[in-house]
Amino acid sequence: MRRVSRIAVAGVATATLTAALAACGGTSNDAADSGDGKSKGIALAYDVGGKGDQSFNDAATRGMEKAASEFKYGSKAVEPTDGESDADKVQRLQTLAKAGYNPVIGVGYAYAPAVAEVADKFPKTTFGIVDDETIDKKNVADMVFHEEQSSYLAGVTAALTTKSKTVGFVGGVDIPLIHKFEAGYKQGVADTDPKVKVVSQFLTEKAEDGGFASPDKGKTAAEGQIEDGADVVYHAAGLSGQGVIEAASAAKVWAIGVDSDQYSQDALKAYKQYILTSATKDVEGAVYNLAKSVQDGKPETGVVRASLKTGGVGLADSNPDFKGNAKLQAALEKATTGINDGTIKVKTS
């Protein structure tokens with residue numbers, strides 16, 4: 001089994017089992033186990049917001065679907081439930097592992113306790129967790145990202161785009177992970193134009209209070225920032241970010257999306273004219289790469305960290321207004337070079 005450095009980038013289920021997965025809200029494209037010990041397929045346990053968030057979970061879904069198609073095996077994705085406990089997450093992961101899925105991936109830091117527990121019970125199964133690097137086990141891949149780097153570029157973009165000299169940041173939940181987004185964004189703004197003011201708001205203190213899953217909260221927060229003069233608003237709020245983008249569109253100001261290229265998302269096409277760019281992180285690639293490593297017989301484990309240099313984070317350039325802005329693109333190229341060669345050190349808090 002290959003151990004990745006901590007700075008590296010990187011028969012048929014029974015009716016009872018099927019019913020258990022369905023009760024957890026699962027959707028699947030199952031293929032029968034070949035009986036030769038190979039994986040039945042790849043499985044995801046979604047974070048809050050679930051499939052359809054146009055962001056984090058949907059990126060993981062694309063990675064799962066790519067793996068299932070390429071390796072010609074099954075897939076299973078299971079939705080979270082409101083107010084669930086760690087025990088619920090443990091049961092979900094155990095059910096997937098027992099069914100023969102490999103790898104089994106918890107999409108989000110909230111799965112850390114459950115992944116740590118279940119990995120010990122299924123040592124021959126490779127587990128992955130996105131956005132957590134606390135699990136040090138031989139069969140767990142901690143898939144993490146330098147979100148602060150792409151957020152720095154989002155800050156450069158905001159500072160060079162604003163006309164009001166005020167820009168906004170909406171974070172879904174007041175936690176260290178989202179502080180990385182805010183810190184990088186603020187630094188990028190300040191380094192580009194110290195005269196630009198950043199107004200910030202976190203929607204909730206805890207994820208269970210809906211910070212990542214409440215478009216209405218995101219909309220209200222963005223509307224408040226726009227009333228305070230912000231004409232560019234960046235969100236790191238999962239499904240709640242849809243409300244941020246809607247508010248920006250209604251006020252005809254710029255929104256900066258997150259995780260996926262939100263300009264290209266069908267569910268957001270009514271607002272795409274006002275989605276300037278998105279600070280992306282390649283959750284899709286991380287999920288696919290883990291599945292491929294298992295398929296190749298050399299499972300990734302340890303901390304697998306994606307950065308600007310590796311292409312694991314960046315800015316989407318689908319919007320012609322963004323891509324065609326020569327001054328902005330030159331500034332972003334300079335900032336990217338500085339981050340990659342270490343002359344720009346981006347803060348994480």
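1. **Val-313 and its surroundings.** Val-313 is in contact with Phe-145, His-146, Gln-149, Ser-150, Thr-280, Lys-281, Ala-306, Ser-307 and Leu-308, leaving aside neighbours within four places in sequence. The model is a predicted one. Val-313 lies in strand 14. Its relative accessible area is 4%, so Val-313 counts as buried, the cut-off being under 20%. Ala-279 is 34 residues away from Val-313 along the chain, yet the C-alpha atoms of the two are separated by 7.3 Å.

2. **Strand 14 against strand 12.** The strand that holds Val-313 is joined to strand 12 by three bridges. Strand 14 covers residues 313-315, and the two strands run antiparallel. Within this pairing, Thr-280 stands opposite Gly-314. Thr-280 is also among the contacts of Val-313.

3. **Strand 12 against strand 11.** Strand 12 has a second pairing, with strand 11 (residues 254-259). Here the sense is parallel, over five bridges. Ala-255 stands opposite Ile-275 of strand 12. Asp-259 has Thr-280 as its bridge partner. **How enclosed is strand 12?** How many residues of strand 12 are buried? The count is seven of the seven, over residues 275-281, so the strand is largely enclosed by the rest of the structure.

4. Gln-149 and Ser-150 are among the contacts of Val-313.

5. **Helix 5 and helix 11.** Helix 5 also packs with helix 11 (residues 326-341), at an angle of about 150° and with the axes 10 Å apart. That angle makes helix 5 roughly antiparallel to helix 11. The crossing is right-handed. From helix 5, the contact is made by Gln-149, Tyr-152, Leu-153, Val-156, Thr-157, Leu-160 and Thr-161. Helix 11 brings Lys-327, Leu-328, Ala-331, Leu-332, Ala-335, Thr-336 and Ile-339. By class there are nine nonpolar, four polar and one charged residues in this contact. Gln-149 of helix 5 takes part here, and Val-313 touches Gln-149 as well.

6. **Helix 7 and helix 8.** At what angle do helix 7 (residues 215-227) and helix 8 (residues 241-251) pack? The angle is about 40°, with the axes 6 Å apart. This makes helix 7 oblique to helix 8. Their crossing is right-handed. On the helix 7 side, Pro-215, Gly-218, Lys-219, Ala-222, Glu-223 and Ile-226 make the contact. On the helix 8 side, the residues are Gly-243, Val-244, Glu-246, Ala-247, Ala-248 and Ala-251. Together they divide into seven nonpolar, two polar and three charged.

7. **Helix 8, its cover and its end.** Eight of the eleven residues of helix 8 are buried, so this helix is largely enclosed by the rest of the structure. The buried ones are Gly-241, Gln-242, Gly-243, Val-244, Ile-245, Ala-247, Ala-248 and Ser-249. What covers them includes strand 8, helix 7, strand 10, strand 11 and strand 12. After helix 8 comes Lys-252, with a positive phi near 60°.

8. **A buried glutamate.** Glu-182 sits in helix 6 (residues 176-192). Is Glu-182 buried or exposed? Its relative accessibility is 12%, so Glu-182 counts as buried. Setting aside neighbours within four places in sequence, Glu-182 is in contact with Phe-169, Ser-200 and Phe-202.

9. **Strands 3 and 4.** Five of the five residues of strand 3 (residues 41-45) are buried, so strand 3 is largely enclosed by the rest of the structure. Strand 3 pairs with strand 4 (residues 74-78) in the parallel sense, over five bridges. Val-78 in strand 4 is the bridge partner of Ala-45.

Conventions: Residues numbered from 1 in each chain as written. Predicted model: local features only at pLDDT ≥ 70, side-chain atom pairs only at ≥ 80, totals over all residues. Heavy atoms only, no water. Buried < 20%, exposed > 50% of the residue type's maximum accessible area, 1.4 Å probe, protein only. Helix = DSSP H or I, 4+ residues; strand = E, 2+ residues; numbered from the N terminus. Pairing = 2+ DSSP bridges. Axes fitted to C-alpha atoms, helices over the stretch in contact; angles between N-to-C directions. Parallel < 35°, antiparallel > 145°, perpendicular 65-115°, else oblique. Left-handed = near helix turned anticlockwise from the far one by under 90°. Contact = heavy atoms within 4.5 Å. Nonpolar A, V, L, I, M, F, W, Y, C, P; charged D, E, K, R; others polar.
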